[in-house]
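Subject: The two-chain model, with notes

Hi,

Here is the structure I promised to pass on to you. Have a look at it first, and then read on for my notes.

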Amino acid sequence: MTVQGDFDASTPRFLRDKYAIVGVGETTYTRGSGRTTRALGTWAVRNAMADAGIKASEIDGMLSYSNNDSTPSPLIAGDLGIRLNFYMDVYGGGSSTEALIGIAIGVIEAGMCKTVAIFRAMNGFSQVRIGGTGARAAAPISGDGLHSRVYGWGSAGQSFSQSFMRHMYDYGTTPEQLAMVKVIHSEHASNNPKAYYKQRVSVDDVLNSRFVVKPLHLLDCCVETDNATAIIVTGVERAYDYRQTPARILSVAGRCCKPRIDMHYQHGPISTVGGYYAKDILWPNAGLGPEDIDLTGAYDAFTFTTMLQLEDYGFCTKGAGGDYVSNGTMRLGGRRPNNTSGGHLCEGYTHGMNMVIENVRQLRGDVDDYCPAAPDGKREHTFDYRERGCRQVSNVGVTANLGWAMPGTGSAMVMRKG
Amino acid sequence: MALKGEHLGMPLLVDDLDLENLEYFRYCALRDFRLQSCKACGLLRYPPGTACPWCSGADFEWTAVEGKGAVHSYGEVHQAIQPAFRPHLPYLILLVDLDTQKGRPTTNEALRIVGNLVTPEGTLAPPELVLRVGIGSRVRMVFVETGEGFAIPQWTLDETVQQPAPWRYPQQ
């Protein structure tokens, strides 16, 4: 693996493999939770604690992220009887999960606390919709909005469309190739009892769905849902005290940016994304490269975001992403499945955390699919990936999560089986 | 002093502390497109900012720039998020490479100015005009008044030049 770039932003010799995810949990994925984000956040953290078999007294750090649409850590911690030595609630959506895992590692390493719960709680359908609809759509325009929202350029789809379109122009990428991302993720979701959309769809279903903003059809866009998700991070010296096989963290990159992140389109190529820079942190720190990865979680806010990231992290050459996402590589049973839970396109929208949760479960070899349970309660995976079947990938050793905030900013993480 | 305006019924405000945007939009109201050029390195920048993205220089002067260029990429909105845009669907959001400073300071950089496709009179383009524009289209800047001493730049097809065949998304 050739190390590109001329910077050294990391300390792989100290922190690689020293931290782990020991618990994961989520609420159901719904549209209309009927609960506050406080209740959802508490529910998800509680599920992650139960998953790990960890007591409230053993957690002393908390992190969350939101777009001012959630409940901060003190209320969740208070409800669960967790006394905090550290907490922080940051602004941000996609790409925050991996970035906050990096922060958790940092604060534990600094001796500020020992075990951190990270959550994202949102009523992304019934309260604050991600597309920016509702009251926010009619808010007065000032500041940097005078160069964006005044032109009807505000939602994620609108803001990213120029990068997506330019990729098609530069490389001949086709709508049919992109549609395959949705098709494949819908296959995966059909084997996920939790998924909001379990129905398998075809390329024609995607291409015949209405346009939201060209080049995006409705089915190129992710679902908006109400849900909370949580993960628990601690050091490896503690990680084996708990119930599950830890998912050990080999490296993280957090909110890594292109130049001119104030308006990244000023610096081209505009179909290059943050991962182009993050890869030079991610792979050297992990001591691995894309060819070593068994399973990816490439953020699918849109079909295009999966493709652009897989390209720029080096899973294929630049411009070959259309082929990569449509040639079967990403399918269950393929060389390197992507978003085996169905991701944001089908399972639910959580600003990235559900894709980390899925990879943790895959590394444990214990994904929650439709496979029957043995008498001891443990699922017996069939590796039959037909509808309403299995979605466990066999022999998962190393996974990568590729988190997306916008074309110019991304985060990423590599984990291995503990 | 703050600038107040309205565009398609949406209230606009340039705060009185937002000195860079105040100057930018006041020039626009005079049909005079100006960008900040750095006094240290001489490069122009967009959108208005508080220092130079290439050399961090703080000092600048407002420099007249020709409002002509080619469409670098676009999005074509069919579902409006902001209610103000609903009567105008579909509308184009253009990223236009200015001829000025294109390919500088590095080959992949350009002053990429955002705007909608509008008629020469400045109203959002009707569907038949939208169909004529894509990547490569030559456009010129027009200004749309949004209030007293306040206008925003927009783009219209440059009818004074031979238009190249635009690249458009393959599916209608």
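Below is what I found, taken topic by topic.

One thing to keep in mind throughout: this is a predicted model.

**Where the chains meet**

Let me start with the contact between A and B. On the chain A side 41 residues take part, and they are in contact with 40 residues of chain B. The elements of chain A that give two or more residues to this side are β5 (141-142), α5 (156-171) and β6 (211-214). The largest share comes from α5(A), with 6 residues.

β6(A) pairs with strand β6 of chain B, residues 68-77, in the antiparallel sense over 2 bridges. If you want a place to look, find A:Lys214, whose bridge partner in β6(B) is B:Glu76.

**A covered helix in chain A**

Next, helix α4 of chain A, which runs over residues 96-109. Its 14 residues reach 19 Å from the first C-alpha to the last, close to the 20 Å expected at 1.5 Å a residue. The helix is mostly covered, with 12 of its 14 residues buried. Among the buried ones are A:Leu100, A:Ile101, A:Ile103, A:Ile105, A:Val107 and A:Ile108, and also A:Ser96, A:Thr97 and A:Glu98. A:Gly111 follows α4(A) and has a positive phi, near 80°.

**An enclosed strand in chain A**

Strand β11 of chain A (residues 398-406) has 8 of its 9 residues buried, so it is largely enclosed by the rest of the structure. Strand β10(A), residues 295-298, pairs with β11(A) in the parallel sense over 4 bridges, and there A:Leu295 stands opposite A:Thr399. β11(A) is also joined by 8 bridges to strand β12(A), residues 409-417, and these two run antiparallel. In that pairing A:Ala400 has A:Val414 of β12(A) as its bridge partner. The link from β11(A) to β12(A) is a hairpin through 2 residues.

**A sheet in chain B**

Finally, chain B has an open sheet of 3 strands in the order β4-β3-β5, with antiparallel pairing. β4 (44-45) and β5 (60-64) of chain B stand at the edges with a single partner strand each, so one side of each is left without a neighbour in the sheet. Strand β3(B), residues 34-38, pairs with β5(B) over 5 bridges. In this pair B:Cys38 stands opposite B:Phe60 of β5(B).

Notes: Residues numbered from 1 in each chain as written. Chains lettered and ligands numbered in written order. Predicted model: local features only at pLDDT ≥ 70, side-chain atom pairs only at ≥ 80, totals over all residues. Contact = placed C-beta atoms within 7 Å. Pairing = 2+ DSSP bridges. Expected span 1.5 Å × (residues − 1). Buried ≥ 20, exposed ≤ 12 C-beta atoms within 10 Å, placed from the backbone.
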